[in-house]
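Welcome! Please take a look at the model below, and then let us walk through some of its side chains together.

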Amino acid sequence: MTITSTISPALKFGLQFLGFWPGVSYSTIYWSSFMSSMLIVQYFQYLYVFDHLKMSELSNLVDSLVVTLDYSLSFLKLASLWLHRRVLHKILADMDNDWRECINIEQHLYLMTIKANISHFFSNALLSFNVIVATLYLLGDYVIRFVFVTEKYNDTVRQLPIKIQFPFDIQQSPIFEFTAVTVFIHTMLQLWTIAIVNGLIFTLVLHVSGQIDIICEEFKNISKNILFYGSSVPFGMLIERHNKVISFSDNIEQLFSFIALMQVVWNTLVICCLGFVFIISIYNGAGVFMLMKTVLAYLAITTEAFLICFVGEYLSHKGKLITSATYETLWYNMSSNQCKIIMLIMMRSQKRLAITAGNMLYMSFETFTSIMKASASYVSVLIAMY
């Protein structure tokens, strides 16, 4: 089967479900319905948080904040994407145009197919990873209660998959069963949307990196033509592609700048909370089951923070390749006018292709290190308070 898009079918379905895919009927209804349900769940989550806002229940409070803050982050992400949906639609249209242009050139199609295969594999792996980790995390409390029910837990009080407080009694059947299943499904959908957003940013960066690879390959072809035939091809196509790459990168930055900022702030807090829960779990009676639950959640959140920092670093690295590819052409065998064009391309490629957190800091490995350091510092403060 020939691949004709960098976006995987699973990612496309997710964007259609959330109402972000262009041309989807009733997209506003899809988005507003899901966002309204998130607001309702958030209200009851924060009811639980404020009700347990006590130093004597600090461990339980921090555990509840993990999912609550994750919900809030997802809500802000989806709201930001909706506000910038026209930018997303333009990006998707540009991606279709790029594929139509390369479909008739074998070398270009080969380079884009490699990126598309990586994108499809990663999107599917990310969705599967989030579903598995979310299932284990949400069912972790039930496993702990089942193992330690006779020692630590009151079996008459049944717990929902997440820490949430309703203003009515849910302990009676079948109200409890219906509420538990509804909360579980909704939480899984929320975690699924996180995978959709993360898969989207990774896919877009892979697509633009494929276009950069095409530009670098064309510079190599120019050198071959000069070396073997003593002539060079016009630079018009390369300049046009370079302009498209810069415009595409600017659109990615506009689309994800606020999301990256929220990612840095929220993930720092969530990693801090998980680190605190992990430390406390070492000393309580839940043992290995609570530790496994916390480690899985910590791994998922850390992976999410690493992902957006990785794509920012990767995009910056690929942008620098254009400068290298331009300089490595046989420019000294070109005419003076062509050398001037080469210089202009090199000067313009000095502009860093990057994703920033609210135009304040670049998403890179250095930023990821800062997040981990800040989280470790907050954990130490919480432990001292506890």
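## Aromatic pairs and their surroundings

The count of aromatic pairs here comes to 16, where rings of Phe, Tyr and Trp (its six-membered ring) pair if their centres lie within 6.5 Å, and planes under 30 degrees apart count as stacked, over 60 as edge-to-face and the rest as tilted. Please keep in mind that this is a predicted model, in which local features need pLDDT of at least 70 and side-chain atom pairs count only at pLDDT 80 or more, while totals for chains, interfaces and linings use all residues. Residues are numbered from 1 along each chain as its sequence is written, and side-chain values use heavy atoms, with hydrogens and water left out.

Here are two of the pairs:

| Pair | Centre distance | Plane angle | Type |
|---|---|---|---|
| F17 and W192 | 5.4 Å | 65° | edge-to-face |
| F202 and F310 | 6.3 Å | 15° | stacked |

F17 sits in helix 1 (residues 9-18) and W192 in helix 6, so their pair ties together parts 175 residues apart in sequence. Helices are DSSP runs (H or I, at least four residues), numbered from the N terminus. F17 is partly exposed, with a relative accessible area of 34%, whereas W192 counts as buried at 16%. Buried means under 20% relative accessible area, exposed over 50%, and partly exposed in between (1.4 Å probe, protein chains only).

The other pair also links distant parts of the chain, with F202 in helix 6 and F310 in helix 8 (residues 288-327), 108 residues apart. F202 is buried at 9% relative accessible area, and F310 is partly exposed at 29%. Both belong to one aromatic cluster, together with F122, F306, Y314, F365 and F368.

## The nonpolar core

Which residues touch the most other members of the largest nonpolar core? Of its 97 residues, they are F20, L78, L204, F219, F256 and I355. Helix 6 gives the most to this core, with 22 residues. A nonpolar core is a set of buried Ala, Val, Leu, Ile, Met, Phe, Trp, Tyr and Cys residues joined through side-chain atoms within 4.5 Å.

E218 lies in helix 6 (residues 175-229).

Notes:
Helices (H or I, at least four residues) and strands (E, at least two) are DSSP runs, numbered from the N terminus.
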